[in-house]
Amino acid sequence: MMNMAAPHPLLSVEDLRVSVRTGLGWLPVVRGVSFTVAPGETLGLVGESGSGKTVTVSAVPQLLPGGMRINGGAVRFRGENLIETSRGRLAELRGKDISMVFQDSLAALNPIMRIGKQVREPLLLHGMAGPQEADALVEAGLRRLGIADPAQGMQRYPHEFSGGMRQRAMIATALIASPGLIIADEPTTALDATVQAQIIETWSKLNSEMGVALILVSHDLGVVAEICDSLAVMYAGRIVEMGAAEVLLANPRHPYTQALLESMPSANLPRDERLKAIPGEPPAIGALPTGCPFHPRCPQARDLCRSSEPSLSSVALSRVACWVAQGEAAAGRHAPAPSVAPAAPLRSAPAEAQPGTADEILVLDRVSRHYLVPGLSPFARPTRVHALDDVSLTLRRGETLGVAGESGCGKSTLAKCILRLVDVDQGRILFRGADITRAGGAALRGVRRHVQPVFQDPYGALNPRARIADIVAEPLLAHGADKKASARRVTEVLDFVGLGRRFESYLPHQLSGGQRQRVGIARALSLNPELIVADEPISALDVSIQAQVLNLLKDLQRDFGLTLVFISHDLRIVRYLSTHVAIMFLGSVVEYGAAEAVCARPMHPYTAALLSSVPDMRSRGQRILLQGEPPSPSAPPSGCRFRTRCPHARGLCAELVPRLERLPDGRDVACHFPGIADLASPDDLGLALSPVQQGASSIDGLGL
C-alpha cells in the first residue's frame with residue numbers, strides 16, 4: 001500500500017526536482033516526483049534507463065554526482081528535511097539509518113581494501129561494535145547472503161570476487177548496521193536466481209520482523225512483484241503510474257506500464273512467439289516532446305496527448321498520468337492493453353540451417369580446467385579451483401545451447417575455453433570436426449574467424465575512444481579485409497541490428513545500453529561467423545531493451561541458421577531462446593537436454609531449485625530455497641557435489657560420484673535419484689535407480 005495519507009511516514013519525498021549541467025545549461029532530469037514510504041514498506045521504482053530512477057533515490061541521502069543539483073521540493077526522513085541538513089548530520093545518518101546498495105559493485109567497493117574491512121566499516125564508523133564483534137557480525141552476514149567460506153572471503157579483495165559475490169558484499173554492507181531505510185539500486189542485476197531468492201527472503205524478514213523500509217530500483221518486474229508493497233513507474237523524469245503493487249501489476253492503466261509488462265518473457269511463452277518490444281527509445285535529456293513524453297511510442301496516443309502533458313490523477317485504485325486512461329475511467333471503461341507490433345516478421349532460415357540437422361559444429365569431450373589461486377600469505381600454498389570438471393557437450397549447426405547455473409559454476413570459464421581464450425587442462429574441443437584444443441598461430445586465427453563473442457558489459461567491451469564504424473570494422477581489418485569492403489559490411493550489419501548508417505560516427509558513450517549491446521552483436525556478426533558465444537549479454541538491460549535484443553537474436557537464428565551458446569542466470573530467457581539447456585553446478589554439468597523437457601519437468605534437484613527461484617509474476621509456484629552454503633570450488637565435497645545443499649540427499653550421494661546418464665526422454669542427468677522430487681514417498685525410490693546404482697545402494701542402505 002502506498003500509505004499516501006499516513007500521518008508519520010518514515011520517508012516523504014515532495015515535488016522533488018533535480019537538474020543536470022550540460023553544454024546547453026541546466027536541464028531537468030527529475031520533474032516533480034512525490035511519494036512516501038512507511039516503516040516496513042517496500043516501494044518499487046521501475047522504468048527504462050534514463051527515466052530518472054537512480055537520480056531520484058540518490059537525492060534522498062544527498063548523494064547526487066557532480067554536475068547535478070536539487071532545484072526544489074523536500075526530502076523528509078522522520079520529519080527532518082535532508083535537503084536542508086548539514087553535512088555532519090548527513091554523515092551520521094548514512095550507513096546507520098539510511099543505507100544504499102549501488103548497482104555497480106566494482107566501482108562502489110574500494111579496490112585496495114579487503115572485503116571484510118569494507119563490510120564492517122559502518123559498525124566501526126558509528127561506534128556500534130568493536131573490531132572483534134564487528135568481524136563476527138560480518139562473517140555471519142556474508143554467510144547469510146551465500147558467500148562460500150565467509151572467513152576466507154573477508155580476506156579477499158573485490159577483484160577476487162565474481163560480480164555476483166561483489167554484489168552480495170555490497171548488500172551485506174548495507175544490512176550490517178540494521179538501518180531503518182535501505183535504498184537498493186538494481187541490487188539483484190548480477191545475482192543468480194537462487195541468491196536472488198535468498199535476498200528476497202532476507203528482505204521480507206527485515207520488513208516483517210524489524211520494520212525496515214526498502215526502496216527497490218529494478219528493471220526486473222518479477223522481483224518487484226515478489227517483494228514490493230507499492231510501485232511507482234517512472235518515465236522521462238516523472239512518475240506516470242503509482243499504486244499498490246498487486247493492483248497495478250494485475251490491472252495496469254498506463255500504456256507504458258502495460259508495454260513494460262508485455263516485454264517480459266513468461267515461463268510458458270512459446271519459443272516461436274516474438275516478444276512485444278516497445279518501439280523507439282526513451283527521450284533524451286533536454287529533448288522532451290511536447291505533451292505526454294510517451295506519446296511518440298504509444299499506440300493509443302491522441303491529439304490531446306501531443307499537446308498537453310497529463311498530471312497524476314486517481315483512476316480506480318491507482319494514480320495515473322495518462323489522458324487516455326483518465327478519459328476511459330471517466331467514461332466507465334478501461335483502455336485496452338496496447339498492441340505493440342514487432343518491428344518485422346521473422347524470416348525462415350535456409351533448409352540446411354534448421355536446428356536439428358546432423359552436423360556437429362562444436363563438441364566438448366571431457367573438458368577440465370583448473371586454476372591455481374595464490375594463498376593469503378606469501379608462504380601459503382596456492383589453492384586449486386575446479387572451474388570445469390569432465391564437461392561433455394555437443395552442439396549441432398543451427399541449435400542454441402543455453403548454459404545456466406549460479407556464479408562460480410564455470411559458465412564463463414566454459415565460454416573462454418570455447419573461444420580459446422584459456423587452455424583446457426584435459427579433454428578435447430572439436431570445432432567442425434577438427435581438434436582445436438591446442439591450435440595456435442594461423443589455425444587459431446582461422447577458428448576465431450568463425451567463432452565470435454558477445455560480452456556481458458557492452459560499455460566495457462567497446463573502445464570508448466573509437467567510432468562505432470571503427471569498432472565494428474576492427475575484426476574485418478584484422479582478418480585481412482580491405483577498407484572499402486569493410487565499410488560496406490559495417491553499414492550492412494549496423495542496418496541489420498537496427499542502428500543504421502547514422503550511428504557510424506557515434507562514440508560508445510553517446511549510445512544507450514541497448515544500442516551498445518547491438519554494436520557488440522554487430523561486431524560479432526561482421527565476420528559472418530558460424531558460432532557466437534554470448535556471455536550474459538542482456539543481464540544489465542531493461543526489460544524493454546532485453547526484448548529488442550532477444551528478438552534480434554531470434555532473427556539471427558532464423559535468418560542465418562546461426563549457432564549460439566547463450567549463457568545466462570535467468571532460466572526464463574534460457575528456456576525461451578534455447579533449443580537445448582545445460583545446467584552447471586560447481587564446474588560440472590548436472591542436467592542436459594532439450595530446453596522444453598528440462599524446464600517443464602526438471603529431473604535434477606538443482607535444476608528444480610533454479611527454476612523455482614526465478615521470479616515470475618504471472619505464475620508463482622512454490623519456491624525451493626537451497627539451504628547451507630555453496631561448496632567452495634577449491635574443496636568440492638565427496639560424491640555428488642550438490643549433496644550438501646540437496647533436500648533429497650542420501651548416504652549414497654556422499655560415497656559415489658554420479659555420472660551423466662541418458663534417460664528415456666533423451667536428456668542426460670547426473671543424479672543417483674533423477675526425478676526424486678516428484679516421487680510420492682521413499683518407497684518409490686527404487687524406481688529412480690539404475691541397476692548399477694541399485695547394486696551400489698547396499699553400501700549404506702541409503703540412510704533410509
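This is a predicted model: local features need pLDDT of at least 70, side-chain atom pairs count only at pLDDT 80 or more; totals for chains, interfaces and linings use all residues.
Close-up 1. Strands of a sheet are paired through backbone hydrogen bonds, and the pairing may be parallel or antiparallel.

**Close-up 2. The pairing of strand 13 with strand 16.** Strand 13 covers residues 360-373 and strand 16 covers residues 426-431. The two run antiparallel and are joined by five bridges. Val363 has Leu430, in strand 16, as its bridge partner.

Close-up 3. Val422 has a relative accessibility of 16%, and because buried means under 20%, Val422 counts as buried. Leaving aside neighbours within four places in sequence, Val422 is in contact with Tyr371, Thr413, Lys416 and Cys417. Arg369 is 53 residues from Val422 in sequence, while the C-alpha to C-alpha distance between the two is 8.8 Å.

**Close-up 4. Helix 11 and the elements that cover its buried residues.** Helix 11 is made up of residues 255-262 and is mostly covered, with seven of its eight residues buried. These buried residues are Pro255, Tyr256, Thr257, Gln258, Ala259, Leu260 and Leu261. Among the helices that cover them are helix 9 (221-227), helix 10 (245-250) and helix 19 (543-560). The cover also includes strand 9 (230-235) and strand 10 (238-244).

Terms used
Residues are numbered from 1 along each chain as its sequence is written. Side-chain values use heavy atoms; hydrogens and water are left out. Two strands pair if DSSP finds at least two bridges between them. Helices (H or I, at least four residues) and strands (E, at least two) are DSSP runs, numbered from the N terminus. Buried means under 20% relative accessible area, exposed over 50%, partly exposed in between (1.4 Å probe, protein chains only). Contact means heavy atoms within 4.5 Å.
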